[in-house]
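Open the model in your viewer and keep the sequence panel beside it. We will go stop by stop.

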Amino acid sequence: MKRSLYWVTKDLRINDNTALNIASKSDLLICVFVVDKKWFEPNHYQSKSLGGNRWHFLQSCLSDFNERLLTFGQQLYIVYGDTFSTLGNLCEKYRITDVITTHLPGTYENNIITQFSDSFPQVTVNKVEQFTLFTNTLLPFELQQLPVSYSKFRKIMTDVAIPKLAPTVQNLPSQFKSMPSPTIFRPQWLPPILYKKVKQGFNFDGGENDGLKHLNQYFSSNLPTTYKEVRNNLDGWDNSSKLSPWLGYGCISPRQVMNAIVGFEDKQGKNSSTECLFLEILWREYFQWLHFKVGKKMYQFKGLSEHLPLTTFYPERFNKWCTGNTPYPLVNACMNELRKTGYLSNRGRQIVASCLVNELSVDWRYGAAWFEEQLIDYDAAVNWGNWQYIAGVGADPRGGRHFNIQKQTALYDPNGNYQSKWLDKTDQASQPLDSVDASDWPVPMIKHND
Ligand SMILES: Cc1cc2nc3c(=O)[nH]c(=O)nc-3n(C[C@H](O)[C@H](O)[C@H](O)COP(=O)(O)OP(=O)(O)OC[C@H]3O[C@@H](n4cnc5c(N)ncnc54)[C@H](O)[C@@H]3O)c2cc1C
C-alpha cells in the first residue's frame with residue numbers, strides 16, 4: 001500500500017505538475033506545506049528569508065492551491081513550525097511509505113531532504129525535476145560539464161526541444177482517516193498582517209489562477225513583439241512580462257512559459273523581442289543548473305571566482321541603502337519601490353546592486369540577503385547568481401558590472417518621473433554617505449554630565 005506525503009514547496013499549481021501526477025498514483029495521500037519559523041528570523045546578514053510582501057503573496061498562493069485541491073477531495077495542510085520535525089512527525093503518524101517533492105537547487109531544501117533520508121531510510125523520497133525547464137537527463141552534457149558562461153550554455157541549449165507539459169491530474173487519492181481539521185491557528189512568531197495594497201507600483205495576486213490569467217493575457221497581447229525595446233525601462237507594467245513572482249512559487253512553470261513563447265511565435269512570427277524573452281527564461285534555467293552544480297558556493301563571498309572581493313561591511317552604509325537614504329536619488333527611488341512593493345525592474349536591480357558593491361563598497365552578500373527578504377519573486381539561484389555577476393565573483397569571464405548612476409539616470413529617468421514617484425519628500429540624497437568621515441578620526445569623546 002502506497003501511503004504518500006507530498007511535500008509542497010515551490011510547485012503551487014495543479015497544471016503541469018509532475019509531482020502531483022506521481023502523488024496521484026498513491027493509495028492514500030497527504031499534501032503538506034510547512035511555513036518554517038526560521039524564515040521569519042534574522043539571518044547572519046541581518047535580513048530575514050521571508051519579508052512581509054512575499055509572505056502576503058505566498059498566502060494567496062497557498063489559499064488558491066488549497067481551493068484547487070478541495071475540488072479533488074484533497075486539501076493542503078499548512079503546518080507552522082520546523083520543517084524537518086514536521087515532516088518526520090507526519091511520516092511516523094501516518095506510516096508514510098513515499099515522500100514526493102519538487103527538486104529545488106537551494107541548499108536549505110536539499111539539507112532537509114538529506115537529513116530526512118538519513119533519519120527515515122525506509123521511506124522512498126522522490127525528488128521531481130520540474131522547477132527547471134529541462135530535466136538533468138535532457139541536458140546535452142553532464143551537470144559537472146555545465147558551460148562556465150551563460151553565452152556558451154545558451155548556444156548549446158537553443159537547439160534542444162522544449163519539453164511538453166505534464167498531463168493535468170484527473171483524480172487524487174483519498175486523505176488519511178483521522179486527519180486533523182484545518183485550523184485558523186496562527187503562531188505568535190508569524191508577523192502581524194500589516195499588508196496594504198500599495199497606491200502606486202504593482203500589486204501581484206498570488207496563485208495559479210492569477211498566474212495563468214496573467215500568462216494568457218500577456219501572450220494574447222502584442223507586448224512580446226516589443227519586449228526587447230522596452231524591457232530596460234524602470235517603470236511600467238507592460239515593459240516586461242511580470243511573470244517572475246508566479247514562476248518563483250511555481251504557480252506557473254517554466255515549461256508553460258516557454259510553450260507560450262513558442263506558441264506566440266508560431267502565430268505571430270518570431271522577432272528579436274520574442275527571442276530575447278526566450279533567452280531570459282534560459283538565463284533563469286542557467287542559474288538553476290549552476291546552483292545545482294556548485295551548491296553552497298553560490299552563497300560564498302568569493303563566489304565561483306578565485307579571489308576575495310575588496311569590499312567589507314559598513315553597517316551605516318548598508319542601512320542607508322536598504323532604507324533609500326544614500327547620496328544617489330535614483331538608487332533611493334529604486335530601493336523605496338522595492339521595500340514598498342516587493343518588486344523592482346531588472347534595470348533597477350542592476351543599478352542598486354552595482355551601487356552597493358561599487359559606490360558603497362559593501363559585501364555583496366548583504367545586498368543579496370536584503371533582496372531575498374524583500375522580493376516577491378525571490379529565487380535563490382537567480383538572485384544569488386545575478387548578485388555574483390554584479391560583484392564580479394560569478395562564472396562570468398567579464399568581471400563585475402559597474403553602472404554609472406548619472407548616466408543611468410540620464411538614460412532611464414531623464415525627466416525625473418520615476419524619482420518623483422518613489423522619492424520621499426525628505427530624501428537624504430544631499431547628505432554625505434558616512435556620518436563620520438575617516439579624516440575625522442579620532443572622534444572626540446562626548447562627556448556625559450550624569
Ligand atoms: C541583483 C539581481 C537580483 C535578481 N533577483 C531575482 C530573483 O530573486 N528572482 C527573479 O525571478 N529574478 C531576479 N532577477 C532577475 C530579473 O531582474 C527578474 O527576473 C525580472 O526583473 C522579473 O521581471 P519580469 O518577470 O517582468 O522579467 P522579464 O524581463 O519579463 O523576463 C522574463 C523572465 O525571465 C527570467 N529572467 C529575466 N531576467 C533575468 C535575469 N537577469 N537572470 C535570470 N533570469 C531572468 C525571469 O524568470 C523572468 O520572469 C535579479 C536580477 C538582478 C540584477
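The tour below visits a helix, some cysteines, a loop glycine and a pocket.

This is a predicted model, in which local features need pLDDT of at least 70, side-chain atom pairs count only at pLDDT 80 or more, and totals for chains, interfaces and linings use all residues. Residues are numbered from 1 along each chain as its sequence is written, and side-chain values use heavy atoms, with hydrogens and water left out.

**Stop 1: helix α3**

Select residues 83–93, helix α3. Helices here are DSSP runs of H or I with at least four residues, strands are E runs of at least two, and both are numbered from the N terminus. Color T83, F84, T86, L87, G88, L90 and C91: these are the buried residues of α3. Buried means under 20% relative accessible area, exposed over 50%, partly exposed in between (1.4 Å probe, protein chains only).

Now show what they pack against: β1 (3–7), β2 (28–36), β3 (76–81), β4 (98–102) and α4 (107–119). Step just past α3 to R95, where phi is positive, about 45°.

**Stop 2: the cysteines**

How many disulfides does a search of the whole structure find? It finds zero, a disulfide being a pair of cysteine sulfur atoms within 2.5 Å. Select C61: its nearest cysteine sulfur, in C251, is 3.6 Å away. C61 is buried, at 0% relative accessibility.

Go on to C355. Its closest cysteine sulfur belongs to C334, 9.8 Å off, which is too far for a bond. C355 is buried too, with a relative accessible area of 0%.

**Stop 3: G392**

Select G392, in the loop between α15 (380–391) and α16 (405–412). Buried or exposed? G392 counts as buried, at 14% relative accessibility. Beyond its neighbours within four places in sequence, G392 is in contact (heavy atoms within 4.5 Å) with H307, G399 and G400.

**Stop 4**

Select W39, S49, Y108, E372 and Y378. Of the 36 residues lining the second largest pocket, these are the closest to its centre. The pocket holds about 910 Å³ of space.

Next, color the lining by element. β2, α4, α14 (364–374) and α15 each supply at least two lining residues. The largest share, four residues, comes from α4.

Notes
1 Å grid on protein atoms, 1.4 Å probe; cavity = no way out; pocket = protein on both sides within 12 Å on 5 of 7 lines; lining within 4 Å. Points joined across faces, edges and corners; volume = space filled by probe spheres on them.
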